[in-house]
Amino acid sequence: MTAKRADTMDLQQRLSSNPLLVIARIRETGIILVILLLVLAVSLRSPSFLTLSNFRDILLNISILIIVALAQTMVILTKSIDLSVGSMIGLTAMMVSFIIKQYPEFSPLAAILLGMAVGSVLGLFNGLIIAYGEVPPIIATLGTLSIYRGMIFLYSGGTWINAFEMSKSFKLLAKGTILGVPHLVYIAFGVSVLVYFLLNHTRLGRNIYAIGSNPDAAQFVGIPKKHIIFAVYLLCGIACGLAGVLWASRFESAQTNTALGFELQTVAASVVGGVSISGGVGTVPGVLLGALLLGIIQNALTMIRISPFWQLAIQGLLILLAVVVDNLISREMQRSVRQWNR
Amino acid sequence: MGEYLFELREITKRFAGVEVLHKVSFNLRPGEVHALLGENGAGKSTLIKIMTGVYQPDEGAIILDGREVRFSNARESQLAGIAAIYQEPSLFPDLDVAENIFVGRHPLKAGGRVDWHRIYREAESLLTSLGMQLNLKRKARDLSIAEQQMVEIARAFSINARILIMDEPTSSLTLNEVAELFRLVRRLRDEGTAVVFISHRLEELFEIADRVTVLRDGYFVDTKPVKDVTREELIRLMVGRKVSSMFPKQEVQPGNVVLKVEGLTRDGVFKDISFELRKGEILGLAGLVGAGRTEVARAIFGIDPPASGRIFIDGKEVRITSPRQAIALGLAYVPEDRQTHGLVTPMNLISNITLPLVGRFSHFGWLDQRAEINFALSMARQMEVRAHSLWQRARELSGGNQQKIVLAKWLSTRPRILILDEPTRGIDVGTKAAVHELMSRLAGEGMAILMISSELPEILGMSDRIIVMREGRITAQLGREEASQEKILHYATQSLEEEVTR
């Protein structure tokens, strides 16, 4: 046993001597570092960047992203993906906005519940075909991405709902403030706490990690894999429903192209935040930082007047970078562990 | 009812129409260690997965406490008090040691919260009582194989099972750790737990087991008290069949040494592997699953290059770092797992046969399809492949015909040295004979063949010489005349420690 102890020390030494493995250990610190560098660089060029009101803007801008990215993270943790999030958001935004237009006295809270109900139906459908129909997640959600987007057109007849057709109370849902902080930020914070609790302190959450970490072993220990995959898609749908209502309120409109392409951002925030595309690895704080990084980049690019078209390219680049770093890390880990085992 | 705690009655299990268990019966008394014994592929692992509900039997009954039960998944069997340590690593690399012990049944506090305090507290006391020292917060991916095994054992113990199934729990443990494990098993047995124990080390069975059941080729052979059998008798029961004349290796005068391997080592996988392979010779590589045979083959073929050691081809030292290079040097490797490594199953037969040779049929990037088809046709005829047409997809063929296609593919590269990994696993008797005949013919034409096989009759029937590997080392080199099933099994199963003490 003492020999084993020595081995352990040896491994830890090796882990700390390899820069890639060090990054792996302190993934969050790495992102924080990048964020700090970015903030420093941008504030040198644009003094209005480092102000409280701009920071509030950034938080407001990433709040919806955080809600959906966390839901996406739960899906990715199980080795799956949900590409239909943008369409689910768009469809709920449109349906709820129509209701708000018709019944201006409809309470905002009821609107949120309604949106989550709509989202749960959409997520339920995803979950059914993926978990029980065993359709590969990419194909299934690529399909529902189109179906749900098509339903927006069918539902709205191609029209859109603008700010004048929405009640004031509904518009205040996202942007109203408490102590100078927008409601939206509180909601995103609340969702973060909920997801954190779910992932770390409930059986469902731990089973989500287990399935992504080793699906076969999950079967051996009797984890109900299908039910859990179903559950993450259902939860993702509910989160998108919530996000759809908030989106309509925040942008005071619902259009056929609402949240078009949003799935890219959610995946980017997760992956940049250290969530492994191959499942089992990822934390809520990491995803929050990932979303923050994306938000700061977006904001900074506007500040230093770089074309918004660059934003997409930079987002894509970030995803690639994160995945490459991830691959390097896991390969390096496997190698060092293997060497040490032998 | 009756003396048995747990009973399997006439269990039959089929996979894709192939029967892997034929009316196998097995029973367990409370407070006994019952060993399950059989060669590779005898059906032990399948039987275990039926006991734990991972698989469901097609026929037969499972009886627990005198009542018939059906487990539709592993959770149900756990709730009924059955725990298992599987042969395959079944830990979760991203979860820590403590959580790995309780995963799937995390203890909860009131209100449904996971009780992390209890997880760490109970894991701690469990490991202490088992005499294991492990940092509870370490991720499973950072553990050594032996440590992973310890966690799996701890997990099985934590269930407080009435029935504990251990599939080769000792294969990666040191002598001390094995002794420790046996102490635990005895303690459990004395407390009334029934233990199903699988090991290839016969010595261990004599040390720990009360009764032993032998399986062979998916059939039940016998159940006996361990004190009434000898080691030789057990080996005979496991092997059973006679070496038939099904394996027609022609006598060939071996020629020059074409492949020579010296001191090949990859740390922890295999060590100090040295042998020679001559022209026209079939060299059998025997041993149990996990002995490192496939790893040696992959190293020679350049898939996972070895850490140290030298390889000579025709007396010239070569460094092989990729399969491409190996092919250029005249080697071919037919892997064990046809589905994942040997065939592109969704493609048709033509493409599969000509895959390594596409260059030969392409001119400035254009594929000469007629030449390709003609070539594939001649190879398929030569190999007597049974298929509707050459355009059939590879995955639609039977196992035997798939193997023929794989062979055709590699033979089309005209190799001088052919490495075959389990060339006839899972194929029917007729095709088996055809493959053997082909091997014999190829050797007769001067090809040097290294054949990995876990089927002893095949090894004995086909090989000019036999190497036995165990736990990454060569433990014996036997000539055709001196080899016997008993001898090979002896060298393949004896534990390393025993050899040292001898």
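In what order do the strands of the open sheet of six strands in chain B run? The legends below get there, view by view. This is a predicted model, so local features need pLDDT of at least 70, side-chain atom pairs count only at pLDDT 80 or more, and totals for chains, interfaces and linings use all residues. Residues are numbered from 1 along each chain as its sequence is written, while chains are lettered from A and ligands numbered from 1 in the order in which they are written.

**View 1. The open sheet of chain B.** Its order is β16-β19-β20-β13-β21-β22, with mixed pairing (two strands pair if DSSP finds at least two bridges between them). Strands here are DSSP runs of E with at least two residues, helices are runs of H or I with at least four, and both are numbered from the N terminus. β16 (331-334) and β22 (473-479) of chain B stand at the edges, each with a single partner strand, so one side of each has no neighbour in the sheet. From one strand to the next, the twist averages 15°.

**View 2. Strands β13 and β21 of chain B, with two helices on the sheet.** β13 (residues 282-287) and β21 (residues 465-470) of chain B run parallel and are joined by five bridges. Look for Leu283(B): its bridge partner in β21(B) is Arg465(B). Helix α9 (residues 293-300) of chain B packs on the sheet, and its direction makes about 150° with that of β19(B). Helix α18 (residues 485-493) of chain B packs on the sheet too, touching β13, β21 and β22 of chain B. The direction of α18 makes about 30° with that of β21(B). (Angles run from 0 to 180 degrees between N-to-C directions, and axes are lines fitted to C-alpha atoms, for helices over the stretch in contact.)

**View 3. Helices α10 and α12 of chain A.** α10 (residues 203-213) and α12 (residues 225-251) of chain A pack at about 110°, with their axes 10 Å apart. They are therefore roughly perpendicular, a label for angles of 65 to 115 degrees. Among the residues that meet are Leu204(A) and Ile208(A) in α10(A), and Ile228(A) and Val232(A) in α12(A).

**View 4. Where chain B touches chain A.** Here 28 residues of chain B are in contact with 25 residues of chain A (in contact means C-beta atoms, placed from the backbone, within 7 Å). Helix α2 (residues 74-79) of chain B gives the most to chain B's side, with three residues.

Definitions and conventions. Angles under 35 degrees count as roughly parallel, over 145 as roughly antiparallel, 65 to 115 as roughly perpendicular and the rest as oblique.
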